Amino acid sequence: MPVKIRITLLFTLLVVGILTLVCGSVYYFSYTNRISDIRTRLTNRAITTGRLLSQGGVFDQALLRKIDASTSMAMQDKVMEAYDSADRKVYWYSDGPEDTLSVVKAVIERVRKALGWRPVFYAGASRCGGGGL
């Protein structure tokens, strides 16, 4: 094989390797940043909903449902449930009325243990459960 072709092939492999490394790292870091941002938004949304529900004189469930309905552009296909300390559902909202969420007591306990004091459980339609929220 001539030296000219060998150098060209090595250069091509080197450039492809560098581009793959750069593109892969950009994808990985943007993916982890996006996941972190989504988790932060969901956690903040759950805390805000819990605080609004705790102010019963100012915010009732009808007003909170209007607020949730008006934020449909930020998060689509959302299902939101809030439970009190006795594991009773005190608030429920879903973008689609046919979209329901089945939460068992073990999931609620796992969320309480993972999140500490936060009394609200938030799950989107695409992901439910409490392990990673």
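Of the 133 residues in the protein chain, 26% are buried, where buried means under 20% relative accessible area, exposed over 50% and partly exposed in between, with a 1.4 Å probe and protein chains only. The model is predicted, so that local features need pLDDT of at least 70 and side-chain atom pairs count only at pLDDT 80 or more, while totals for chains, interfaces and linings use all residues. Residues are numbered from 1 along each chain as its sequence is written, and side-chain values use heavy atoms, with hydrogens and water left out.

**Exercise 1.** State how many helices and strands the protein chain has, and give their pattern along the sequence.

*Solution.* Start from the DSSP runs, numbered from the N terminus, in which helices (H or I) have at least four residues and strands (E) at least two. The protein chain has 3 helices and 3 strands, and reading along the sequence gives the pattern α-α-β-β-α-β.

**Exercise 2.** Classify the 2 aromatic pairs of the structure.

*Solution.* A pair of aromatic rings is described by the distance of the centres and the angle of the planes. Rings of Phe, Tyr and Trp (its six-membered ring) pair if their centres lie within 6.5 Å, and planes under 30 degrees apart count as stacked, over 60 as edge-to-face and the rest as tilted.

1. For Tyr 27 and Tyr 31 the ring centres are 6.2 Å apart and the planes stand at 20 degrees, so this pair is stacked. Both residues lie in helix H1, 4 residues apart, about one turn of the helix.
2. Tyr 27 counts as exposed because its relative accessibility is 53%, whereas Tyr 31, at 38%, is partly exposed.
3. For Tyr 28 and Phe 29 the ring centres are 5.2 Å apart and the planes stand at 70 degrees, so this pair is edge-to-face.
4. Tyr 28 is partly exposed because its relative accessibility is 48%, whereas Phe 29, at 55%, counts as exposed.
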